[in-house]
Amino acid sequence: MAAQKINEAHEHMAKADKCLKTSLTKWKPDFDSAASEYAKAAVCFKNAKQFDQAKDAYLKEAEYHTENKTLFHAAKAIEQAGMMMKEQKKMPEAIQLIEKACMMYMENGTPDTAAMALDRAGKLIEPLNLDKAVDLYQKAAGVFENEDRLRQAAELLGKASRLLVRVRRLDDAAVALQKEKNMYKEIENYPMCFKKTTAQVLVHLHRADYVAADKCVRESYSLPGYSGSEDSVAMETLLQGYDEQDEDQVYRICNSPLLKYMDNDYAKLAISLRVPGGVSKKKVAAAAAAAGGASGAAAEEDDYAGGLC
């Protein structure tokens, strides 16, 4: 089966070569037909699991589409070439080709397709290189933002923000979260703004920047519905506990359902939050009770030290 497909691929490539030849009656190469034949050859190589040859065929298809000024189809072929690299676990090469395709989509005037391809590339590279995935998601968000598609832009920025938290690039995460929150505010998705405020507070407190965390909450009071909401009450209580170095209060809020059921990366920030120099009132009370019990026992022992008489 594989050998048959490989033979078919070579037949299509031979046909493509004929399409490119000129003669006295044919003055121009037939780039459209050549591209079509290379596309068929690529599929045959792909079915035979000859991914490197399939990649070369897709790139040839792209070359002739470009000659024919059909940039969208050229970009599609380059993206497919990238997927052939993915099949061979050659992720850096795959991403490089997909990014090249995205540039061509942009040049062709189809930015939405470019953004979606960048999103796909981000998902591909995420298990291997989180920093590169962040870069791709942010680029995709930028494309959507330029097209005034703020919901899609915010969703992609959200992916980038979570990964920035995961790799502990908290300064960058704080900037990304603010931009994301601004987008949700512009499209009047206020519940998402509330969630982003909570995420901002956690990020800023992990940066040991109480002032920035407090400022995020203060600014959010201008959002319709934030004042008195579960989110605002929780953040006020968290900030109060942090400011007063009350570990118990901080622990209670950080382990509440509101924070525990956030996106995993933010939930981890919540349960790992510690108060610098913090004191647990429960532990202090328990220690005091233990000390009191011990002194009482010692006094009782002293009463009977001389015997009963």
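This report looks at some charged pairs in the structure above, and then at the surroundings of one threonine.

First, some ground rules. You're looking at a predicted model, where local features need pLDDT of at least 70, side-chain atom pairs count only at pLDDT 80 or more, and totals for chains, interfaces and linings use all residues. Residues are numbered from 1 along each chain as its sequence is written, and side-chain values use heavy atoms, with hydrogens and water left out.

**Charged pairs**

Side chains of opposite charge can pair when their charged atoms come close. Here, a salt bridge means a side-chain nitrogen of Lys or Arg within 4 Å of a carboxyl oxygen of Asp or Glu. By that rule, the count comes to 24 salt bridges. Here are three of them:

| Pair | Distance between closest N and O atoms |
|---|---|
| E37 and K40 | 4.0 Å |
| D119 and K123 | 3.8 Å |
| R207 and D209 | 3.6 Å |

Let's start with E37 and K40. Both sit in helix α2 (residues 31–47), three residues apart, or about one turn of the helix. Helices here are DSSP runs of H or I with at least four residues, strands are runs of E with at least two, and both are numbered from the N terminus.

How open are these residues? Buried means under 20% relative accessible area, exposed means over 50%, and partly exposed is in between (1.4 Å probe, protein chains only). E37 is buried at 12%, while K40 is partly exposed at 40%.

The D119 and K123 pair belongs to helix α6 (residues 111–125), where the two residues are four apart, about one helical turn. D119 has 16% relative accessibility and counts as buried.

Elsewhere, salt bridges with shared partners tie E99, K132, D135 and K139 into one network.

**Around T197**

Now for the threonine. You'll find T197 in helix α10 (residues 190–206). Is T197 buried or exposed? With 0% relative accessibility, T197 counts as buried.

The T197 side chain has a polar contact of 3.0 Å with the side chain of K181. A polar contact is a pair of N or O atoms within 3.5 Å; within protein, one must be able to donate a hydrogen and the other to accept it, and residues adjacent in sequence count only if both atoms are side-chain atoms. Another polar contact, of 2.7 Å, links the side chains of T197 and S220.

Setting aside neighbours within four places in sequence, T197 is in contact (heavy atoms within 4.5 Å) with K181, C216, V217, S220 and Y226.
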